[in-house]
Amino acid sequence: MEKWDIYDKDRNLTYKQMNRGDIFEQGAYHLVIHVCLFNQLGDMLIQQRQPDKEDWKNMWDITVGGSAIAGETSQQAAEREVKEEIGYTLNLRNRRPSLTINFENGFDDYYLLETDLSISNLPVPTEEVKQVKWASSDDIINMISEGLFIPYHAPLIALLFDMRYNMGAHNQRIGQ
């Protein structure tokens with residue numbers, strides 16, 4: 001059974017835990033991560049979920065997503081999920097999420113990274129991922145409207161593509 005750490009509304013660790021699938025107590029939140037890998041052409045690596053997954057069967061999704069398990073930092077959860085889902089190794093120890101989105105039951109950290117990885121070197125399919133491919137923002141938004149992609153808000157997808165070189169709300173490339 002997967003255990004999650006519980007945080008308060010201000011993202012302070014409460015030192016309590018819950019099991020995945022349990023009903024959230026009032027004021028209890030958990031941590032979710034997403035990693036979006038982009039190639040040098042500006043396309044995002046997307047994955048198609050396996051047909052036997054509990055949620056979003058056979059649907060396309062951004063590169064990787066999942067819940068942090070008890071004891072993990074955001075970075076550790078992101079590294080683990082990328083390795084589990086697509087067999088790729090990342091080192092995020094010195095990296096903060098590019099953005100965090102609050103949702104009803106928690107905090108969703110997004111890591112946006114450019115990579116030169118070749119998808120032919122990935123050990124896909126895996127237990128969770130049926131296949132992967134590179135896609136543009138327009139491709140993803142069209143797939144959402146066709147019901148083929150998890151129904152993210154289209155402006156969020158555009159924001160992920162727009163922010164892949166930025167940290168924060170200003171239009172300035174990282175490192176400048």
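## Salt bridges

Across the whole structure, a search finds 7 salt bridges, a salt bridge being a side-chain nitrogen of Lys or Arg within 4 Å of a carboxyl oxygen of Asp or Glu. The model is a predicted one, in which local features need pLDDT of at least 70 and side-chain atom pairs count only at pLDDT 80 or more, whereas totals for chains, interfaces and linings use all residues. Residues are numbered from 1 along each chain as its sequence is written, and side-chain values use heavy atoms, with hydrogens and water left out.

One of these pairs joins Glu 2 and Arg 20, whose closest N and O atoms are 2.8 Å apart. Because Glu 2 lies in the segment before S1 and Arg 20 in the loop between S2 and S3, the pair ties together parts that are 18 residues apart in sequence; helices (H or I, at least four residues) and strands (E, at least two) are DSSP runs, numbered from the N terminus. Glu 2 is partly exposed at 28% relative accessibility, and Arg 20 is also partly exposed, at 40%, where buried means under 20% relative accessible area, exposed over 50% and partly exposed in between (1.4 Å probe, protein chains only).

Asp 10 and Lys 9 form a salt bridge with their closest N and O atoms 3.3 Å apart, and both residues are exposed. Arg 80 and Glu 81, by contrast, are both buried, and their salt bridge has its closest N and O atoms 3.1 Å apart. Salt bridges that share partners join Arg 80 and Glu 81 with Glu 72 and Glu 84 into one network.

## The largest pocket

The largest pocket has a volume of about 1,100 Å³. On a 1 Å grid over the protein atoms alone, a pocket is an open set of points with protein on both sides within 12 Å along at least five of seven lines, a cavity is a set where a 1.4 Å probe fits but cannot get out, and lining residues have an atom within 4 Å of a point. Grid points are joined across faces, edges and corners, and a volume is the space filled by probe spheres set on the points.

Of the 32 residues that line the largest pocket, Arg 20, Asp 55, Trp 56, Gly 66 and Ser 67 are the closest to its centre. Helix H1 gives the largest share of this lining, 4 residues. The lining divides into 10 nonpolar, 7 polar and 15 charged residues, with Ala, Val, Leu, Ile, Met, Phe, Trp, Tyr, Cys and Pro counted as nonpolar, Asp, Glu, Lys and Arg as charged, and the others, Gly among them, as polar.

## The cavity

The search finds 1 cavity of 30 Å³ or more. Trp 4, Asp 5, Tyr 7, Leu 31, Ala 68, Ile 69 and Glu 72 line the largest cavity, and strand S1 (residues 3-7) gives the most to this lining, with 3 residues. By class, the lining has 5 nonpolar, no polar and 2 charged residues.

Ile 46 lies in strand S4 (residues 44-49) and is buried, with a relative accessible area of 0%. Although Ile 46 and Thr 63 are 17 residues apart in sequence, their C-alpha atoms are 4.5 Å apart in space.

Asn 19, in strand S2 (residues 13-19), is partly exposed at 22%. A polar contact of 3.0 Å joins the side chains of Asn 19 and Lys 3 (a pair of N or O atoms within 3.5 Å; within protein, one must be able to donate a hydrogen and the other to accept it, and residues adjacent in sequence count only if both atoms are side-chain atoms).
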